[in-house]
Structures are given as C-alpha cells and as structure tokens.
Amino acid sequence: MVFLQLFVNGLQLGAIYALTAVGFSLIFGSTKIFHVAHGSAFAISGYIYWWLASKLGVPWPIATLAAVIAAAVFGLLMERWIYRPIQRHEASFFTVFIAAFGVQLIIQNLIGTVAGRGMETVNTPLSRSVEVMDGLFIAPIAAISILVAIVVFYALNYFLTRTHVGIAMRALSENPDLVRVFGLDPGRVAQWAFMIGSAVVVPGAIFTAMTAGLNPAIGTHVMLVSLAATIVGGIGSVRGAAAGGMLLGLAENLAYWKLDPQWSEAVTFIVLFAFIIFRPSGFFGSPTIAK
Amino acid sequence: MTTYIINLAILIGINAILAVTLNFILGYAGIFSLAHAIFFGIGAYTAAVLAMKFGADFVVATAAGMVLSGVISLALALPALRVRGEYFVAASLGLQMLALTVFSEWKSVTGGIGGLIGIPPARLFGVDVSDPVWFLCLTLACLAITLLVILMLVRSSFGRNLKAIRDDETAASALGKNVSLLKTLAVMVSSAFAAVAGSLYAFYLSFINVESFILEVSVQIIAMVIIGGTATLIGPVIGAVIVLLLPALLTYIPYLPPTEIGSIQQMIYGLAMVLLMIFRPSGLWGYGSDTQKKGAQ
C-alpha cells in the first residue's frame, strides 16, 4: 500500500515536472536557446498566483490568467531584451547561458526581497487528501494535475502539428533559413516559442503552490528538473521531455520508500547520470554525440 | 583595521584560487561547471579531517584533498564530457545538489549541518602557521603556484589543444585530438587545484560547514570569472577582488537594510552577468569583443 501511495504521489509530481520540462524542451527545440532562466517563469507565475489568489482573494480563473500572462510576457521579454541582442553579435552557448543564469539570479533574489524567503502555499480544499482505499490517501489535486498535464500535452501536440505557428516553430528547429525563404520572420516565430513555452509552466507552478509550496529558490530546482527531464527524454523532443519529467517524478517519490526526503534531488541526479552513461540520446532523441 | 584588511586579503586570495581554476576550464576549455564549490568543499573537508584525526601537515592534507577532488571530478567528467556541452552543465548542477546532501548527511565525517569545529592551525614543516600575516603569505604562495601551473599549462601544447577544442570541437577532433581525454584532464586539474583553496579555507577559519559550499558559492565563483574576464590570467583575480569587496562597499550605502545585503549582492552579480554578455562578453579585463567573437563557442 505504501508503494501504491508513493506511486500516486509520483504520478502527481511527474505531471508537474512534465509540464515544466515540456516548455523548456519546446523553447530549446525550436530556437536552440538553452533557456536556463525557464525556472524564473515558473517562480514568477507561481508567486503571482499566490499573491492574487491567497493574499488578495482574487477568484482562481483570473489569478490563473494573470499568471499565464506574466509567464508569457517574461518569455517574450527574455527573447527580445536578452537573447536577441546577444545573438546579434554572437550566439555561443556560453554567452546565452551566462546571461540567462544572471536573469535567474536577479529574479530569485527579487522574489526573496519582495515576497520573503519563507515557504508559501496556496490553501485550497483540493489539496486535502481523502482516504480512497485502506491506507491510500489521494487529494483531488493529484487527479487534476495529471488530467491537466494530459490535456496540455495533447493541446500542444495539436498546436505543433496542425496550426501555422506550430508548424513554423518546428520548421525553425529544422532550418531557420528556409523559414525566412517562406516569408516568415524567424524572430517572430522564436517569440511565439518563448511565449508558449513559458506559459506552459503555469499549471505546474500553480499545482506546486497548492501542494509542496513555493520558495524563492524554486527556480533552481525547476531548472535542474527541466534540464534532467530534457536530457532523459532526448534533447529537443517534446514528448520525450514529458516522459522524462514523469519518470523523474516517479523515481523521486518511489525513492522515499527506502531513503530520507533530503535525498530527493540526489535521485534526480542518479537517474540523469544513468542516462548520460547508458543512453545519452534519451528516450526519443536522435543519437547526438558531441555537437 | 589591519586585522580586517589581512582577513579580507586572505579570503580574496582563497577565492582568487577558485576563480583562476574555474577559469581554466570555463575560459580556456569552454566547459561550464556549476559544481566548483563542491571541489572547494572536498578539499576543505579532507584537509580538516586529516588534520583533526591524524594531525596531518598542511602539504599532506592539501595533497590528499587534491587527489580526492581530482578522482571525484573524474567520475563527473568521464561520462558527461563524452557528449554535448549542455550535458555537463546539467550533470555538474546535479553533482552540486548531490554532494551537498552528502556533506550535510554524512555526519560521522563531515559533522552534518553543524560542520567541523576546532580544526588545528596549518602545520607547515613542523611549524604552526597561526599568525594571520604568515597565513596570508601561505595563501599568496598557493595562489602564485596555482597561477604558475595554470600559466604553464595554458602555454603548453595541452593549453593550445584546449583552446582549439573550445573554438571548434569538430575541427580539433578532425585533427586527431582526443577531445574527451583533453577535456577530462582539464577538469581534473581544475578540481584538484580548487581543493587547495578548500584546504586553506579550512585551516584559516578552523571551522567549516555546508554553508560555504552551496550553489550560491559556485555561482559567485562563476561571477568572479565572468566579471573579471574569461581566458585571461589576471581577469579572474580581479573578479575575485571586485566580488569580495562588493559586500564591504554595500555596507557604506545608507538606508540599506543589512538583511538584504546578500540578496542585493546577488542581484548585482546577476545584472553584471547579463549586461556583460550583451555588451562586453569578454569581461572587464578581456581582450575586447574581436577575440571573443572567435573565442567562446
């Protein structure tokens, strides 16, 4: 029964991780920008939801909408103000990475200064566990997060295969010059990728605020999980990132069976390392040894 | 006042060693590590434990830390460097998290969260170096040796190979260079010398705990390298001076709540990193944008 309980918890956490990693993977896949400030979009939207819903008592649909807008604007501004100016003179992995890391540092400390450094949670009846079976406690939020993850994933899939912008985004990942030949502006397409990729983290951020809680340093944790899930799933593959996130969430929770909770990040690392050693291309990635 | 300045000078010296060693992989080899504080920590814990349990000499304790740090870095570098640069970033971030958990949980050796208290003063060839002035000399000597070793490596064919890999990995491997081997060696050298800084730190403070080896410290070392200038010998040292003088300078600004200084300091690094990457990627001491354009890849 403990196993089943941990498995359910793992599915819930995995859904949150999948939602986060999918956004990162979408951005990386189409723009080739290693967006390590992705965790900041998570932190910003989570804190905005917390501030509106918990502090000001705004109804949840409005708070959610505000969080989505905040995340999308953050993504847009990152592309416009940080990545585009850097790419104008030089687009190395190194410069982009440092700049994104700098943004992550600023946001993390800004949140700490404005909202305080403690743990913040949004109280909701949805996170109250109900005993479903003998010794198995499930909160409605678990079912909701898994359901939302599935819906978002399918919506994203539809978007990428059926709409013009989505197809342009996939084209951008294959060949930016060809996108230009077709009369599309690659910069515009990249902005879309950033906005959508950032907005996708919102459900994960809200569910985290409702369950485990938010702290200013959460961006770093999200960054580790997104990076790990993207590598485990295969770089540039959206469905890989979703599967990777799910696997990490499950692994982290199943590890509680034998280990103390403080080892959870270590489990993420061990799974990541196992993949780097035995299957560096991930679940769905094409084998890429050295770039 | 003199004590204060000597104390600051020693800490700058220790951090300069960290910045110079990180720059060796970051600036010259283009390898991005987020786990430098961990190798600093391994050096510190090894030296502290050897000195407390066996009364080990400074040289012995430091050498042991260097070996252990080098071996552990091998475990990180060997698998992670076979593949793309992004993998190493992720793996080093993972190692930072994992090793920190080990530091705080392996209570019998590291003293857990409380840390190790009462580390004896550094004993060099039978003489205790407890006077701060002499300890400053020891620190500066270690920094000089580190700089010399890094300079020799950079000027050697090994250093040229690393720069070739940084600039164009495919071309370097096409010329028959063993890219993974060279990178792995670079990481080992860098981690081993980071342990020297750890050993100095443990002996100087006579107390260490997990707090000194957290991710923020790794980030601070990165900030030193970036602000000072990558792929230059003196740049990281200047970066270390700037970054360590910053909190002292901030205390002179009126109306700044003391509890927020740490936060403000980190925001300043963050802002400096962003602005430098947009306007001057080679850092304050760098060679200007032309070389960098051909540089980091």
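Me: Two residues are in contact if their C-beta atoms, placed from the backbone, lie within 7 Å. In this predicted model, which residue of α9(A) that meets α5(A) is a proline?

Reply: The residues of α5(A) in this contact are Ile141(A), Ser145(A), Val148(A) and Val152(A). They meet three residues of α9(A), namely Met210(A), Phe207(A) and the proline, Pro203(A).

Me: How are α5(A) and α9(A) oriented to each other?

Reply: Helix α5 (residues 140-162) of chain A packs with helix α9 (residues 201-210) of chain A, their axes 11 Å apart and at an angle of about 175°. Angles over 145 degrees count as roughly antiparallel. Therefore α5(A) is, relative to α9(A), roughly antiparallel.

Me: How many residues of the contact of α5(A) with α9(A) are nonpolar?

Reply: The contact of α5(A) with α9(A) has no charged residue and one polar residue. The nonpolar residues number six.

Me: What is the relative orientation of α1(A) and α8(A)?

Reply: The axes of helix α1 (residues 2-31) and helix α8 (residues 186-199), both of chain A, lie 8 Å apart, and the packing angle is about 170°. The two helices, α1(A) and α8(A), are therefore roughly antiparallel.

Me: How many polar residues does the contact of α1(A) with α8(A) have?

Reply: From α1(A), the residues include Gly23(A), Ser30(A) and Thr31(A), and from α8(A) they include Gly197(A) and Ser198(A). The contact of α1(A) with α8(A) holds seven nonpolar residues and no charged ones. Its polar residues number five.

Me: How do α10(A) and α12(A) lie relative to each other, parallel or antiparallel?

Reply: The axes of α10(A) and α12(A) come within 9 Å and cross at roughly 25°. Angles under 35 degrees count as roughly parallel. The arrangement of α10(A) and α12(A) is therefore roughly parallel.

Me: Is the crossing of α10(A) and α12(A) left-handed or right-handed, and which residue class has nine members in their contact?

Reply: The crossing of α10(A) and α12(A) is left-handed. Leu224(A), Val225(A), Ala228(A), Ile231(A) and Val232(A) of α10(A) meet residues of α12(A), among them Glu265(A), Thr268(A) and Phe275(A). In the contact of α10(A) with α12(A), one residue is charged, one is polar, and the nine others are nonpolar.

Me: Which element gives the largest share of the side of chain A that touches chain B?

Reply: In total, 42 residues of chain A are in contact with 40 residues of chain B. The elements of chain A that give two or more residues to this side are α3 (60-89), α4 (93-115), α10 (218-233) and α12 (264-278). By class, the side has 28 nonpolar, eleven polar and three charged residues. The largest share, 15 residues, comes from α4(A).

Me: At which residue does α1(B) bend?

Reply: Helix α1 (residues 2-28) of chain B spans 37 Å from its first C-alpha to its last, close to the expected 39 Å. Just after α1(B), Gly30(B) takes a positive phi of about 65°. Within α1(B), the bend of about 30° falls at Leu22(B).

Conventions:
Residues are numbered from 1 along each chain as its sequence is written. Chains are lettered from A and ligands numbered from 1 in the order in which they are written. This is a predicted model: local features need pLDDT of at least 70, side-chain atom pairs count only at pLDDT 80 or more; totals for chains, interfaces and linings use all residues. Helices (H or I, at least four residues) and strands (E, at least two) are DSSP runs, numbered from the N terminus. Ala, Val, Leu, Ile, Met, Phe, Trp, Tyr, Cys and Pro count as nonpolar, Asp, Glu, Lys and Arg as charged, and the others, Gly among them, as polar. Axes are lines fitted to C-alpha atoms, for helices over the stretch in contact, and angles run from 0 to 180 degrees between N-to-C directions. Angles under 35 degrees count as roughly parallel, over 145 as roughly antiparallel, 65 to 115 as roughly perpendicular and the rest as oblique. A crossing is left-handed if the near helix is turned anticlockwise from the far one by less than a right angle, and right-handed if clockwise. The expected span of a helix is 1.5 Å times one less than its number of residues. The bend at a residue is the angle between axes fitted to the seven residues ending there and the seven starting there.
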